[in-house]
Amino acid sequence: MAVFTRPRQALVIASVLGIALSAAACSSDDSSGTDADSPECAAYEPYKGHDGTEVTVYASIRDAEADLLEQSWAQFQDCTGIEINYEGSGEFEAQLPVRVDGGNPPDIALIPQPGLIKRFADAGKLKPTSAETKTMAEQNYPAEWLKYGTVNGQFYGAPFGSNVKSFVWYSPKTFQEKGYTVPTTWQELIALSDKVVADGQKPWCVGIESGEGTGWPATDWIEDIMLRENAPDVYDQWVEHGIPFNDPRVAAAFERAGSILKNPAYVNAGYGDVKSISTTSFQESGLPIVEGKCTLHRQASFYANQWPQGTRVAEDGDVFAFYFPPVDPSKGKPVLGGGEFATAFADRPEVQAFQTYLASADHANARAKLGNWVSANKGVDLNNVANPIDKLSVQILQDSNAVFRFDGSDLMPAAVGAGTFWKGMIDWINGKDTASTLTFVEQSWPQ
């Protein structure tokens, strides 16, 4: 889910920093110093003609991340005269449907769940994008990303921020000291785990506690392995219920995940036994790596924000991450991830102009330069991505050999993806067998 946008992240509500702009606000003595007729504003020419209008934006992105987001479109405001009034909320996913159903939707919402996009589109609440936005999105994003913003052949929202989930965190320093090498296949990953055990330590630290979202980190394990054991179309069938949740291929993925997650020799380094996984918080679960008590922690790119202050995240730093190895290299380079989509509940010209800008490489690079952000936008210049883990994430997303698929639980009906799937993983970790767990989730699927 995005840095993330589900209840999986604990962020502080951001203040609304709407910057009122008028024609005078684009003069040479405004706060940014940008004149609407200056060379810096030339790139914004296609979006002009709406001076004095306002666009409201609603998302789950808060605190420092919200400040960076608003900085990323500050020049757009100055050059176009369109005021962007942003609101970030910790209750975004619960409150957006309330606002929409109550007739008070934002102009634009950055939605992280394709399933929620479908719900609003099917209800006739969302506005299809303009032709300009669709063209801009097609120019900048791979087809597999565009389909998540498409419902019944109609395009409703371009991708926005992204995250890569197919990562395993480790300590480069520890690897060097102990003579470990980064594994590139599943067999090498298991061999490394066994070597750590032989050296007297449990290799893996894991935590799936996340308040009301407890269980979601374990679903990511299953999704990543489903992509590694099967062709992408099997993954698609699974999340769309084209094959039952208790299909033998799903059971096989659970068993492979269980070879690590339910192996008492492998987990839970720094915390306890297998059952401690369900009570160890997502935020703290990887910290034993920097304490020298754990070697491996599978978690997304956004986990970079969870390390203690002063931790150096780099290939030669205190912690870094490697690509979660494939089971069958012949199936390509599967990548599990998530992200938001810029959808609109209004189709006023200024809203469409801003939605088009958000789909552009210009905005993606403006946001990337500010740091702590990942995008699948093909126009992102890697030179604008300073953070090493963000740079690695963008490289993976831009890799033509990568086979990207969106977080499966975000694509499933909410009653399953954020309900029985999460609950089933908790029970499974705590000792329930695979067959019973899969049947429990399968029987909950909406008919």
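Predicted model: local features only at pLDDT ≥ 70, side-chain atom pairs only at ≥ 80, totals over all residues.

Me: Now the cysteines. Why is the link between Cys41 and Cys79 called a disulfide?

Reply: The sulfur atoms have to lie within 2.5 Å. For Cys41 and Cys79 the S to S distance is 1.9 Å, so the pair qualifies. The bond connects distant parts of the chain: Cys41 is in the segment before strand 1 (54-59), while Cys79 is in helix 2 (residues 74-80), 38 residues apart.

Me: What makes the disulfide of Cys41 and Cys79 left-handed?

Reply: The torsion about its S-S bond is about -75°, so the disulfide is left-handed.

Me: And why are Cys41 and Cys79 called buried?

Reply: Buried means under 20% relative accessible area. Cys41 has 1% and Cys79 has 3%, so both count as buried.

Me: How do you know that Cys205 and Cys294 form a disulfide too?

Reply: Their sulfur atoms are 2.2 Å apart, which is within 2.5 Å, so the pair meets the rule. Cys205 lies in the loop between helix 8 (186-198) and helix 9 (216-229), and Cys294 lies in the loop between helix 11 (248-261) and strand 8 (297-298), 89 residues apart. The torsion here is about -85°, so this disulfide is left-handed. Both cysteines are buried. The count comes to two disulfides, and the bonded cysteines pair as 1-2, 3-4 in sequence order.

Me: Let's turn to helix 3. Why are its buried residues said to be on the same side?

Reply: The buried residues of helix 3 (residues 92-101) are Phe92, Leu96, Pro97, Arg99 and Val100. They cover an arc of only 165° around the axis, so they sit on the same side of helix 3. These residues pack against strand 1, strand 2 (83-88), strand 3 (108-111) and helix 4 (114-122). Leu96 is also among the residues with the most contacts inside the largest nonpolar core, which has 134 residues.

Me: Last one: is His241 buried, exposed or partly exposed?

Reply: His241 has a relative accessible area of 25%. Buried would need under 20% and exposed over 50%, so the label in between, partly exposed, applies. His241 is in the loop between helix 10 (232-239) and helix 11.

Me: What makes the link between His241 and Glu442 a polar contact?

Reply: The cut-off for such a pair of N or O atoms is 3.5 Å. The side chains of His241 and Glu442 are joined at 2.9 Å, so the distance is within that limit. Glu442 is also in contact with Phe245, and Phe245 is one of the residues with the most contacts inside the largest nonpolar core.

Methods. Residues numbered from 1 in each chain as written. Heavy atoms only, no water. Helix = DSSP H or I, 4+ residues; strand = E, 2+ residues; numbered from the N terminus. Buried < 20%, exposed > 50% of the residue type's maximum accessible area, 1.4 Å probe, protein only. Arc of directions from axis to C-beta. Contact = heavy atoms within 4.5 Å. Core = buried A, V, L, I, M, F, W, Y, C linked by side-chain atoms within 4.5 Å. Polar contact = N/O pair within 3.5 Å; in protein donor to acceptor, adjacent residues only side chain to side chain. Lists of a residue's contacts leave out its neighbours within four places in sequence.
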